[in-house]
Amino acid sequence: MASVSSSLCFQSLGRRTPPCNSIPYNNSKGMRNWRNQSIVQCSQRTTHNCSGNCIEEEEQSKNTKRREALIQIATFAAFSYSPFIGSAAAAEEKDNFRVYSDETNKYKIMVPEDWQVGQGKNNGIRALTGFYPQVASESNVSVFITLLGADFTRMESFGKVEEFAETLVSGLDRSWQNPPGAAAKLVACKSSNGFYNIEYTLQKPGESCRHIFSKIGMANNGYYNRLFTVTGQFMEEETDKYSSNVQKTVSSFKFT
């Protein structure tokens, strides 16, 4: 089977404010005293404003980085439908589900017993594990793990869950374009036990609607924080067949 690949790039887009050290003044000899006094006053005001601009710029840079991270997470979760590389799963049977345990990344998740398990490429920065039906289907659940920057210390670093959800979904929505692109709509969101839970729909022009459920949390492995994005999706026409399994699998995710 083909492997899952992702070209996620986490970059910070900042902009520099022009230096505040150029102040025009009149060179007339008769204005020398007024000029000198004005230069001091203007320099003080400009230095103060420059400091304020720098603080504002730094905050804008942080907000930009958070937004970029959210959009890239959403893009990966919603548009990564490639087959996974098959792999052995550490699992135990439980009713019609089995518990998949990842001892390396310290989490557990319940998956339908007849679903296959596969993994994408793990490059030490990102890791991907997928769960999907044996029959051909675009319904599946994935666990995507990525490293976080030092300024991401808890889920609230992304903002409150409502802000997080709106940013994530609006980053996917292209219905406003001409011609219209994919339409993304937020259905519900809530914060519970350290996780952000988000439900939304995504529909590309001419394609069926995808129902997507995400459970997003953060954990530290002893060295750095990592973001875990659990995403389950099913197609509109497969609602009766996969809706319950997808939602149960996503909601069952927990750290160990």
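Asn140 has its place in strand β7 (residues 140–147), where strands are DSSP runs of E with at least two residues and helices are runs of H or I with at least four, numbered from the N terminus. This is a predicted model, in which local features need pLDDT of at least 70 and side-chain atom pairs count only at pLDDT 80 or more, while totals for chains, interfaces and linings use all residues. Residues are numbered from 1 along each chain as its sequence is written, and side-chain values use heavy atoms, with hydrogens and water left out.

**Around Asn140**

- Asn140 is buried, at a relative accessible area of 7%; buried means under 20%, exposed over 50% and partly exposed in between, with a 1.4 Å probe and protein chains only.
- From its side chain, Asn140 reaches the backbone oxygen of Glu138 at 3.2 Å.
- Leaving aside residues up to four places away in sequence, Asn140 touches Trp115, Phe131, Tyr132, Thr231, Gly232, Gln233 and Val246 (contact means heavy atoms within 4.5 Å).

**Aromatic pairs**

- There are 15 aromatic pairs in the structure; rings of Phe, Tyr and Trp (its six-membered ring) pair if their centres lie within 6.5 Å, and planes under 30 degrees apart count as stacked, over 60 as edge-to-face and the rest as tilted.
- Phe195 and Phe255 are stacked because their ring centres are 5.3 Å apart and their planes at 20 degrees.
- That pair links distant parts of the chain, with Phe195 in strand β9 (residues 195–203) and Phe255 in strand β12 (residues 254–255), 60 residues apart.
- Phe195 is buried at 8% relative accessibility, whereas Phe255 is partly exposed at 27%.
- Phe255 also forms an edge-to-face pair with Phe228, at 4.9 Å centre to centre and 80 degrees between the planes.
- Phe228 sits in strand β11 (residues 225–235) and Phe255 in β12, so this pair ties together parts 27 residues apart in sequence.
- Phe228 itself is buried, with 1% relative accessibility.
- Ring pairs join Tyr100, Tyr107, Phe131, Phe195, Phe228, Phe253 and Phe255 into a cluster.

**Charges over rings**

- The charged end of Lys215 sits over the ring of Phe195, 4.7 Å from its centre (NZ of Lys or CZ of Arg must be within 6 Å of the ring centre and within 35 degrees of the ring normal).
- Lys248 lies over the face of Phe97, 4.3 Å from the ring centre.

**Helix α2**

- Helix α2 (residues 161–172) has 12 residues and spans 17 Å from first C-alpha to last, close to the expected 16 Å, which is 1.5 Å times one less than the number of residues.
- Its buried residues are Val161, Phe164, Ala165, Thr167, Leu168, Val169, Gly171 and Leu172.

Note on methods:
Polar contact = N/O pair within 3.5 Å; in protein donor to acceptor, adjacent residues only side chain to side chain.
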